[in-house]
Amino acid sequence: MFSRLSRQIAVRMSTTAARAQKLKGKVAIVTASTEGIGFAIARRLGEDGAKVVVSSRKQKNVDKAVDVLKKENLDVCGIVCHVGKKDDRSKLIQKTIDEYGGIDILVSNAAANPTMGPLINCSEDAWDKLFDTNVKATFMLCKEIVPHIEKRGGGSIVIVSSIAGYVSSDAIPAYAVTKTALLGLVKGLVGSLAPKNIRVNGIAPGLIDTKFSAALTGNPDMLKMALPAIPLHRPGIPVECSGIVSFLSSEDASYITGENIVISGGMPSRL
Ligand SMILES: NC(=O)c1ccc[n+]([C@@H]2O[C@H](COP(=O)([O-])OP(=O)(O)OC[C@H]3O[C@@H](n4cnc5c(N)ncnc54)[C@H](O)[C@@H]3O)[C@@H](O)[C@H]2O)c1
């Protein structure tokens, strides 16, 4: 039985054409994908052959991102989705089914960061907002999408956490705690999703030049202080987080589940 499975996998993986469009026929949802890391991931999954549903909280940002990607001849559509709102999540799933007939890949990328400063000063409201958006919404979206991936015979989930989930952060420690929780969510989901042939992995970006990190990357003095901790001595750019997500979502990663991959220019990660 296993040798037949090995042969099937080898055949699927050895075709050069299949590798060039390794996500052909797959349908992907990427949350918070109208800019930054999410947009780069949506573009890469589209370039690798997937049909992609982009989303974020504002219609005008969704329209703009869809327009840009369509002009690149990618098969995309979009819808507004605030991941913390159940109704928005349901509409995102329904839109994907209506447009593309199923779901194979989920990339959960949305995150909020409403607070800075010492953890002990974090207000209850900020704590709730962080955990609702970053942790609860991620879990609920996985839970709601899993039956659809299962109907397709299996697929992949990638959860975007952060290097801050490993090393915490003096500046944004409460956000860092939510990202540590996501590292655990990846590990925790493996057991219940493996029997459904759904793999779940995570990426943990380091300092990536986006709006999210602009307070640091856009401030030369702060950036100068941050760079010595990064062996590659520069911030990353969003596209540098995209190839690994395509890989993890593809058959090339068919025996990889429960892993969190750090993309940090060499910044050490440990728990
Ligand atoms: N930029 C970095 O240095 C860095 C480092 C580690 C991890 N990350 C993570 O990468 C992911 C993407 O961040 P980015 O750097 O591309 O920033 P970004 O600001 O470009 O994107 C963040 C996105 O999240 C969206 N968002 C926030 N709350 C949302 C909600 N409730 N529903 C839907 N969308 C929501 C925003 O609209 C925005 O599009 C986040 O999970 C972030 O935590 C970023």
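The model is predicted: local features need pLDDT of at least 70, side-chain atom pairs count only at pLDDT 80 or more, and totals for chains, interfaces and linings use all residues. Residue numbers start from 1 along each chain, as its sequence is written.

**Helix 3**

Helices (H or I, at least four residues) and strands (E, at least two) are DSSP runs, numbered from the N terminus. Helix 3 covers residues 36-47. Its 12 residues reach 17 Å from first C-alpha to last, close to the expected 16 Å. The expected span is 1.5 Å times one less than the number of residues.

A residue is buried if 20 or more other C-beta atoms lie within 10 Å of its own, exposed if 12 or fewer, and partly exposed in between; C-beta atoms are placed from the backbone. Gly-49 follows the helix, with a positive phi near 110 degrees.

Strand 4 (residues 105-108) is covered on both faces. Ile-105 and Val-107 are buried on one side, Leu-106 and Ser-108 on the other. Two strands pair if DSSP finds at least two bridges between them. Strand 4 has these pairings:

| Partner of strand 4 | Sense | Bridges |
|---|---|---|
| Strand 1 (residues 27-30) | parallel | three bridges |
| Strand 5 (residues 155-160) | parallel | four bridges |

Leu-106 is the bridge partner of Ile-29. Val-107 is bridged to Val-158 in strand 5. Strand 4, helix 6 (residues 124-151) and strand 5 form a right-handed β-α-β unit. Right-handed means that, with the strands pointing away from the viewer, the path from the first strand over the helix to the second runs clockwise.

**A loop residue**

Ala-171 sits in the loop between helix 7 (164-167) and helix 8 (173-193). Is Ala-171 buried or partly exposed? It counts as partly exposed, because it has 15 C-beta neighbours inside 10 Å. Thr-115 is 56 residues from Ala-171 in sequence, yet 9.0 Å away in space, C-alpha to C-alpha.
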